Amino acid sequence: MINQERLKNLLIELIKIDSLSRREGRVALRLRREMESLGAQVWVDDAGEKVGGDTGNLIAHFRGTAPGAPPLLLSAHMDTVVPGEGLVPILEGNILRTDGRTVLGGDDKSGVAIICEVLRVVRETPLPCGDIDVVFTICEEAGLIGAKCLDVSRLRARTGLVLDSDSVGFLFTKAPAANRMEFHIRGLEAHAGVCPERGINAIKVAAEGIACMQLGRIDHETTANLGVIEGGMAVNIVPNSILLRGEARSHSEEKLERQTRHMLECLRQAADRHSLELDGKRLQATVEATIERDYDRMHVPDASMIVQLVQAAAESLHVEVKTLATGGGCDANVLNQKGLEVANLSTGMRDIHTVHEWLDLKDLNLSAQMVLEVVKLNGAGH
């Protein structure tokens with residue numbers, strides 16, 4: 001029942017609309033027209049005002065035809081990562097890919113397009129379904145910010161799907177919690193050629209601390225990364241300030257806190273080793289840390305309504321879908337934290353967040369058929 005040609009064309013159209021985080025306004029306008037043409041009640045919330053963007057989250061209510069069926073949530077995010085301007089999608093057979101200059105934007109335009117096509121089919125056919133809430137979020141790639149700003153009390157649905165993952169044949173029901181970290185290392189500036197002994201090199205302090213850290217894959221539940229280093233003014237000045245930004249993620253709260261403390265302690269111990277006497281005063285390198293919870297862990301039980309619906313849909317379509325844990329975070333983390341029960345279904349996107357991103361339209365179509373089957377089974381009171 002999925003119109004594959006129409007789905008493909010919509011996806012390509014959406015990909016060509018630039019929508020970096022905080023600049024999703026043009027694609028939001030296109031999607032608003034789409035939702036209203038299908039008879040939905042549509043509004044945009046104030047998330048854009050809160051984050052300095054040009055639009056908020058787009059929310060649409062679709063009235064169902066099966067009054068006894070529970071409402072269902074379908075959600076995807078509108079923003080893409082950099083480099084994500086002037087995208088030129090190239091179709092080779094069933095493979096849609098980037099031209100090598102930018103990401104493709106299948107993350108998450110594929111999820112957006114699937115939701116639109118499913119709703120088109122629902123409106124065109126006498127398909128019993130419950131009420132459907134649609135949420136297209138902003139700023140997912142900037143830290144799930146749109147979902148964090150979303151007022152879920154305005155939604156009727158308490159369960160549903162986020163369409164935002166790259167492993168075909170899997171329903172992600174577990175995801176880690178994450179801490180975001182910022183470390184400001186302070187030393188003392190001095191002329192690097194005339195009197196370097198009167199300075200404390202903040203880059204050296206940072207390097208020693210980083211060298212002691214366990215980073216990357218810590219264990220099967222935990223990862224850690226330092227992704228940004230900023231600092232220094234000139235090659236002839238002993239640098240007095242370095243800023244490090246990083247994260248840690250884990251499916252275990254205990255391991256997450258342990259890794260976070262480890263990273264901070266490595267830097268503090270390095271700072272303690274760097275001091276000097278200058279003009280009768282003892283000067284010491286220091287570390288200031290800002291550590292914030294980025295998002296909490298997600299754990300949707302296999303016995304939950306949404307997992308059972310997806311498994312029943314897969315059985316009906318004679319395909320296999322397995323539940324799985326992921327190392328990434330998505331809007332589903334936040335929505336579950338807000339009291340909803342939401343799992344993350346794959347859409348077929350591959351090599352995301354790179355200029356090598358691609359998508360197999362066969363996978364896209366299967367995911368769309370899966371979502372449509374979930375809507376049908378929910379409407380039938382499965």
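This is a predicted model: local features need pLDDT of at least 70, side-chain atom pairs count only at pLDDT 80 or more; totals for chains, interfaces and linings use all residues.
Reader: Hi! Where does Thr-260 sit?

Author: Thr-260 lies in helix H7, which covers residues 253–272.

Reader: Is Thr-260 buried or exposed, and why?

Author: Thr-260 counts as buried because its relative accessible area is 4%, and buried means under 20%.

Reader: Switching topic: how do the axes of H8 and H10 cross?

Author: The axes of H8 (residues 305–316) and H10 (residues 361–379) come within 9 Å and cross at roughly 115°. The two helices are therefore roughly perpendicular to each other, and H8 passes H10 in a right-handed crossing.

Reader: And which residues meet there?

Author: From H8 they include Met-305, Leu-309 and Val-310, and from H10 they include Met-370, Glu-373 and Leu-377. The residues of this contact divide into 9 nonpolar, 2 polar and 1 charged.

Reader: One more: what about Thr-159, buried or exposed?

Author: Thr-159, found in strand S7 (residues 159–165), counts as buried at 6% relative accessibility.

Reader: Which backbone oxygen lies 2.8 Å from a polar atom of its side chain?

Author: For Thr-159, that is the backbone oxygen of Glu-341. Leaving aside neighbours within four places in sequence, the contacts of Thr-159 also include Pro-71, Leu-72 and Met-305. You've met Met-305 already, among the H8 residues that meet H10.

Note on methods
Residues are numbered from 1 along each chain as its sequence is written. Side-chain values use heavy atoms; hydrogens and water are left out. Helices (H or I, at least four residues) and strands (E, at least two) are DSSP runs, numbered from the N terminus. Buried means under 20% relative accessible area, exposed over 50%, partly exposed in between (1.4 Å probe, protein chains only). Axes are lines fitted to C-alpha atoms, for helices over the stretch in contact, and angles run from 0 to 180 degrees between N-to-C directions. Angles under 35 degrees count as roughly parallel, over 145 as roughly antiparallel, 65 to 115 as roughly perpendicular and the rest as oblique. A crossing is left-handed if the near helix is turned anticlockwise from the far one by less than a right angle, and right-handed if clockwise. Contact means heavy atoms within 4.5 Å. Ala, Val, Leu, Ile, Met, Phe, Trp, Tyr, Cys and Pro count as nonpolar, Asp, Glu, Lys and Arg as charged, and the others, Gly among them, as polar. A polar contact is a pair of N or O atoms within 3.5 Å; within protein, one must be able to donate a hydrogen and the other to accept it, and residues adjacent in sequence count only if both atoms are side-chain atoms.
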